[in-house]
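I opened this entry to keep track of what I looked up in the structure.

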Amino acid sequence: MTEKETPQTTNFIRDAIKEDLTKGRFTKVHTRFPPEPNGYLHIGHAKAICIDFGLAQEFGGKTNLRFDDTNPAKEETEYVGAIMEDIRWLGFNWEDRLFYASDYFEKIYEFAVALITKGKAYVDDLTADQIREYRGTLTQPGRESPFRNRSIEENLDLFSRMRAGEFADGAKVVRAKIDMSSPNINLRDPVMYRIIHKPHHRTGDTWCIYPMYDFAHGQSDSLEEITHSLCSLEYEDHRPLYDWFVQALGIYHPRQIEFARLNLTYTVMSKRKLLELVKGGHVKSWDDPRMPTLSAMRRRGYTPEAIRNFCERIGVAKRDSIIDMQLLEFCLREDLNKRVPRAMAVLRPLKVVIDNYPDIATEELDAINNPEDAAAGARKVPFSKVIFIEQDDFREIPPPKYYRLSPGTEVRLRYAYFITCVSVVKNPATGIVTEVHCTYDPATRGGDSPDGRKVKSTIHWVSAQHAVDAEVRLYDYLFKVPDPDNVSEGNDFKMHLNPNSLEILPTCKLEPGLALAAPGSIWQFERLGYFNADQFDSKPGKPVFNRTVTLRDTWAKIEKKS
RNA sequence: UGGGGCGUCGUCCAAUUGGCAGGACACCGGAUUUUGGUUCCGGGUAUCGGGGUUCGAGUCCCUGCGCCCCAGCCA
């Protein structure tokens, strides 16, 4: 990542790091990104990734990728590759520092032995239900387990037999001996180890006891000499425990700092809900372009630059917030505008016959590839007597402020000619206009009129005989409301699902150059938006496009107001 | 109602640590334009409430209110 991105004012984490450096608490910055391999990464993870990698980079430090794989019941190796692909795609590099919490199982086991030996941990025989009961409530203190004061020898023996597989799942756990009356529930003798007889995606059958997050994360950070362990707000209550473990163990002590996770309007971010959308068939897959997952956004045509820039702009703070989706779209358009080539495509074709144009003539007209980038050059587009224009660009009875084609008006065909509508053909049964007849002014070839005459608008078109047929998928927000998570008692976020989040247009007409659009390539269809050839479904000669995002549409706003 | 955290334009983030509350997105208006795009110019709107300290408070003190998180052998 070398390009200059929008500079942002500082944030509290950067301030904290600077202070740690000047006061000598740390002499370097080393962070980590610790995904659990149990699902796909989404835009919320992108924020965390940008913070973890970005901040380290800024201070000349490094970032480790560490899979937090302490629970074999939930994690699968299939996700590991997908997660790495997404991080790389975003533009970050962990170099040779790929780790797994499971790499440290032996060391973490030894840490537990050390705590037991110090009398700071014990083996508990209480059942899960009993532990819950003994834990007390938010307002009432807990009670100590009857097994809390076993001898160190007995604890050591039991723990090694847990490891050896002598006990069934749930029969015993190891707990830290802290304070059952702590107002912080995390400190009421938290579970450190549990028994799970299940093969682990990396360690196989080596273990049947697995450390809990709280007993693995801080120690893993410590072993990797992480300086700043950045995580989300819900871990704030865990920080005293994080600190307690590294202190009790007397090991290198990283600093945990929490920040607010990302929320976006018109979507949901929790893995559970995303999974529900996939399983319930509300979207086609994890990478359905309507999803907020990175794989879906990639498929839809989002660029890493746009996402990184977005993450920079939203800032980092501790308050819960919901970022306006329009900011994300702004970042996307800003990036795409300056880099992607333009093309003409007609999504909902309306046939136009140019009555005074020679029947069999075809000519090649010059078109600019990107007005924002002279280096992008120009191309030729074929023109002929019969063309398609957008249905939206013709109105038999134009509403106020409508500048496009209507009977008697003259408009410019982009890069071609001025045309004037002279008549229409209707389906006698429905009254719908099926064909528009126009005359053209040969003197306006290329789109300029020698007499200086002006037209109110320029519309795009595709020559009928040269057009490439294509399917185009129009995506809209997945939800109808800005905050789908906000539902009244007894209701479900799915009630806010947008039934029109996907519209498939099977009969689009593209300019011929688009026939060979490379899968994944992104284009601006002039006046419509940005579209990319679907990386899986698009084939040379049979293109399929996804609408990445529309262009800003002033006319749509005017129309909506009236 | 125990503990932890958070309250600044519609939204998100700032405010040199007590000195004229600023930026971005959104919105509204205008200019330019062979994309009703881009670009450019202009505009409005905010310190949760009540007290206090101070020449001066978003910032400090007191008090009230609201929102989020925590009672997994999940992370």
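**Salt bridges.** I counted 54 salt bridges, taking as one a side-chain nitrogen of Lys or Arg within 4 Å of a carboxyl oxygen of Asp or Glu. The model is a predicted one, so local features need pLDDT of at least 70 and side-chain atom pairs count only at pLDDT 80 or more, while totals for chains, interfaces and linings use all residues. Residues are numbered from 1 along each chain as its sequence is written, chains are lettered from A and ligands numbered from 1 in the order in which they are written, and side-chain values use heavy atoms, with hydrogens and water left out.

I looked up Asp 288 and found a salt bridge to Arg 290, with 2.8 Å between the closest N and O atoms. Are these two residues buried or exposed? Both Asp 288 and Arg 290 are buried (under 20% relative accessible area; exposed is over 50%, partly exposed in between, with a 1.4 Å probe and protein chains only).

Next I took Lys 380, which pairs with Asp 366 at 2.7 Å between the closest N and O atoms. This pair links distant parts of the chain, 14 residues apart: Lys 380 sits in strand β14 (residues 378-384) and Asp 366 in strand β13 (residues 362-368). Helices (H or I, at least four residues) and strands (E, at least two) are DSSP runs numbered from the N terminus. Lys 380 has a relative accessible area of 47% and is partly exposed.

I then noted a salt bridge between the side chains of Lys 426 and Glu 396, 3.0 Å from N to O. Lys 426 belongs to strand β17 (residues 418-426), and Glu 396 to the loop between β15 (386-390) and β16 (410-413), 30 residues apart. Lys 426 is partly exposed at 39% relative accessibility, and Glu 396 is partly exposed at 32%.

I also found a network of salt bridges that links Asp 287, Arg 299, Glu 471, Arg 473, Asp 534 and Asp 537.

**Helix α11.** Why do I call α11 (residues 304-314) largely enclosed by the rest of the structure? Because eight of its eleven residues are buried. Among them are Ile 307, Phe 310 and Ile 314. The buried residues of α11 pack against α2 (43-58), α3 (77-90), α10 (294-300) and α12 (325-339). Gly 315 follows α11 and has a positive phi, near 75°.

**Leu 233.** I placed Leu 233 in the loop between β8 (228-232) and α8 (239-249). Leu 233 counts as buried, at 17% relative accessibility. Which residues does Leu 233 contact, leaving aside its neighbours within four places in sequence? I listed Glu 258, Phe 259, Ala 260, Lys 318 and Asp 320, where contact means heavy atoms within 4.5 Å. Leu 233 and Asp 320 are 87 residues apart in sequence, with 9.0 Å from C-alpha to C-alpha.

**Chain A overall.** I read 13 helices and 25 strands in chain A. Its radius of gyration is 31 Å, well over the 24 Å that the globule rule gives for 562 residues, so chain A is more spread out than a compact globule. The radius is taken over C-alpha atoms, and the rule is 2.2 Å times the number of residues to the power 0.38. The C-alpha trace of chain A spans about 100 × 55 × 40 Å along its principal axes. Of the 562 residues, 52% count as buried.
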